[in-house]
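Trainee: Could we go through this one together? I'd like to know what stands behind each term.

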Amino acid sequence: QSGRAMGTLNLRALTSWVGIARLLAVLLSCLSFSLVASTGHFEAPYGTWCMFTWCFCFAVTLLVLLLELLELYPLLPLSWDDFTSAFSMLAALMVFTSSVVFPATFISGPCSSSRCARQAVATTSSCLCFLAYALEVSLTRAKPGDISSFLSTVPGLLKVFEAYVACLIFSLLDMGEYKRESGLMWCVAVYSLCFIFTLLIIIFTIGRCLTYIPCSLEKVLVGYNVLALLMYLTAMVLWPLYSFRGRSRPDSCGTNCPWNKNLGVTFLTIFNLIAYLVDLVYSTRMVFFRAP
């Protein structure tokens with residue numbers, strides 16, 4: 001019987017709407033990095049990041065499809081639904097970022113050369129890949145009241161968003177800039193602490209470790225969201241206050257200009273503040289206003 005089970009293929013892994021979305025994501029991410037690789041023009045950190053994103057998403061999504069097709073995922077010591085929900089959300093965010101960063105960095109002026117045409121097609125393919133991952137997130141999102149898979153709920157998906165935005169903030173930080181002011185150092189501490197705790201929540205959820213916590217986890221998460229929201233609120237005030245105080249934008253401010261990076265951190269701080277606010281609202285409704 002075990003031999004027959006091992007020989008059975010779960011074709012629904014490929015024919016369901018979620019499976020079709022994953023197949024599209026595999027094909028489109030492969031097309032994106034193949035076209036960009038053929039141009040030989042993806043140097044510098046931004047190009048490397050985009051290539052890593054497409055290759056990483058292609059490899060992991062293909063692995064997910066194979067594990068579901070062969071029905072091997074129950075053998076893994078993790079919560080499969082939480083893992084796939086978290087990954088699809090992360091992949092959507094990464095591919096969206098690459099779809100914006102790549103054309104902004106590598107496509108400029110009239111697009112007449114063969115290389116530019118391939119870059120344009122790669123960008124279009126990347127945008128469609130983002131839509132495929134967004135469709136997967138939508139299809140796998142938990143129904144209201146269902147918390148069996150935490151990372152597929154709105155608060156769970158927001159946890160992935162919050163951690164990813166924090167990573168973007170870290171990529172823009174300049175040690176020489178924030179070490180000059182204690183207020184900026186507090187903001188970096190806020191970003192770091194919230195990122196660490198959010199990442200631990202994601203890892204423990206996927207690893208099925210949260211059940212061992214000897215307290216009401218849902219209420220702890222609400223308390224954490226309140227604390228994170230208050231900390232980000234201070235960062236939203238202090239970061240622009242200390243970053244731009246007495247400093248106007250330089251005339252020659254390029255991609256790596258500290259002023260532009262500080263502005264990017266300011267907007268990302270606001271995005272995460274809003275995310276933690278929405279997270280708190282949904283978490284509070286799930287814990288205190290659950291339907292009988």
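**Between the two domains**

Mentor: Between domain 1 and domain 2 the count is 0 salt bridges. This is a predicted model, where local features need pLDDT of at least 70, side-chain atom pairs count only at pLDDT 80 or more, and totals for chains, interfaces and linings use all residues. Residues are numbered from 1 along each chain as its sequence is written, and side-chain values use heavy atoms, with hydrogens and water left out.

Trainee: What makes a salt bridge here?

Mentor: A side-chain nitrogen of Lys or Arg has to lie within 4 Å of a carboxyl oxygen of Asp or Glu. The count of such pairs between domain 1 and domain 2 is 0.

Trainee: And how many residue pairs are in polar contact between domain 1 and domain 2?

Mentor: There are 5, both residues at pLDDT 80 or more. Each needs a pair of N or O atoms within 3.5 Å; within protein, one must be able to donate a hydrogen and the other to accept it, and residues adjacent in sequence count only if both atoms are side-chain atoms.

Trainee: What area do domain 1 and domain 2 bury between them?

Mentor: About 1700 Å², with 67% of it on carbon and sulfur atoms. That is the accessible area (1.4 Å probe) the two parts lose on being put together, summed over both.

Trainee: Where are domain 1 and domain 2 in the chain?

Mentor: Domain 1 is 9-148, and domain 2 is 149-246 + 256-291; the bounds come from an automatic or database domain assignment. Their C-alpha centres lie 24 Å apart.
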